[in-house]
Amino acid sequence: MKNDAIHRYAALVGVLAGVAAIALALYIHSAQPKLGPSWHIVGILVTSPRLLAAMGVVMVIGGILTLWSPAGGGLLVLFPAVVGLVYCYNHEWTRIPLLKIWAAPMLLAWLAGILAGYALAKDVPGYDEPPDYGDVLTED
């Protein structure tokens, strides 16, 4: 597979993860806005739909950035998935409902990160010959 194709696939899956997160945030906000307890960070009320929508926006930006920089874009797509996992596992009484909602964006984000890693591996040039160690490996 060509390098440009892997960049495009990583970007597409990253943007898809962000769009899925934003769509699910809108769905949660309309269906059950009080899903899980809220975090209070510096006077800001962070609810599950707000966090999911914000992470979706970051994932979309990271997916677009993956076209030019697979390392930066891949990390920007994966970081919200890690924050989402921390959010889900810190709320033990609503862990399973939260994981049901966050599952699709998280899995797509991890897939985008894997594809970004493959794109980065294709960008790094390989060596044609093994290194020459001289007489170090020969016995006298």
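What is the handedness of the crossing of α2 and α3? The question is taken up below, after an outline of the chain as a whole. The structure described here is a predicted model.

The protein chain contains 4 helices and 2 strands. Along the sequence, these elements follow the pattern α-β-β-α-α-α. Of the 140 residues in the chain, 38% are buried. Among contacts between residues at least 6 apart in sequence, 71% join residues at least 24 apart.

The packing of α2 on α3 is described first. Helix α2 covers residues 48–65 and helix α3 covers residues 70–90. The axes of these two helices come within 6 Å and cross at roughly 165 degrees. Angles over 145 degrees count as roughly antiparallel, and α2 and α3 are therefore roughly antiparallel to each other. The crossing of α2 and α3 is left-handed, which settles the opening question. On the α2 side, the contact is formed by Ser48, Leu51, Met55, Val58, Met59, Ile61, Gly62, Gly63 and Leu65. These residues meet Gly72, Gly73, Leu76, Val77, Pro80, Ala81, Val83 and Tyr87 of α3. By class, the residues of the contact of α2 with α3 comprise 12 nonpolar, 5 polar and no charged.

The axes of α3 and α4 lie 8 Å apart, and the two helices pack at an angle of about 160 degrees. This angle makes α3 roughly antiparallel to α4. The crossing of α3 and α4 is left-handed. The contact of α3 with α4 involves 21 nonpolar, 3 polar and 2 charged residues.

A further pair is formed by α2 and α4. The axes of α2 and α4 are 12 Å apart, and the packing angle is about 5 degrees. An angle under 35 degrees counts as roughly parallel, so α2 is roughly parallel to α4. Helix α2 contributes Ser48, Leu51, Leu52, Met55 and Met59 to this contact, while α4 contributes Leu98, Ile101, Trp102, Pro105 and Ala109. The residues of the contact of α2 with α4 divide into 9 nonpolar, 1 polar and no charged.

Individual residues illustrate these arrangements. Ser48 belongs to helix α2. The relative accessible area of Ser48 is 1%, and residues under 20% count as buried, so Ser48 is buried. Apart from residues up to four places away in sequence, Ser48 touches Leu35, Tyr87, Leu98 and Trp102. Ser48 is listed in the contact of α2 with α3 and also in the contact of α2 with α4.

Trp102, one of the residues touched by Ser48, lies in helix α4. Trp102 is buried, and its relative accessible area is 1%. When neighbours within four places in sequence are left aside, Trp102 is in contact with Ser48, Leu51, Leu52, Met55, Pro80, Gly84, Tyr87 and Cys88.

With a relative accessibility of 3%, Ala112 counts as buried. Its contacts, leaving aside neighbours within four places in sequence, are with Ala10, Val13, Gly14 and Val77. Ala112 and Gly73 are 39 residues apart along the chain, and their C-alpha atoms are separated by 9.3 Å.

His7 is found in helix α1, which covers residues 3–31. The relative accessibility of His7 is 8%, and His7 therefore counts as buried. The side chain of His7 reaches the backbone oxygen of Thr66 at 3.4 Å. Not counting residues up to four places away in sequence, His7 touches Thr66, Leu67, Pro70, Ala119 and Asp123.

Definitions and conventions:
Residues numbered from 1 in each chain as written. Predicted model: local features only at pLDDT ≥ 70, side-chain atom pairs only at ≥ 80, totals over all residues. Heavy atoms only, no water. Buried < 20%, exposed > 50% of the residue type's maximum accessible area, 1.4 Å probe, protein only. Polar contact = N/O pair within 3.5 Å; in protein donor to acceptor, adjacent residues only side chain to side chain. Contact = heavy atoms within 4.5 Å. Axes fitted to C-alpha atoms, helices over the stretch in contact; angles between N-to-C directions. Parallel < 35°, antiparallel > 145°, perpendicular 65-115°, else oblique. Left-handed = near helix turned anticlockwise from the far one by under 90°. Nonpolar A, V, L, I, M, F, W, Y, C, P; charged D, E, K, R; others polar.
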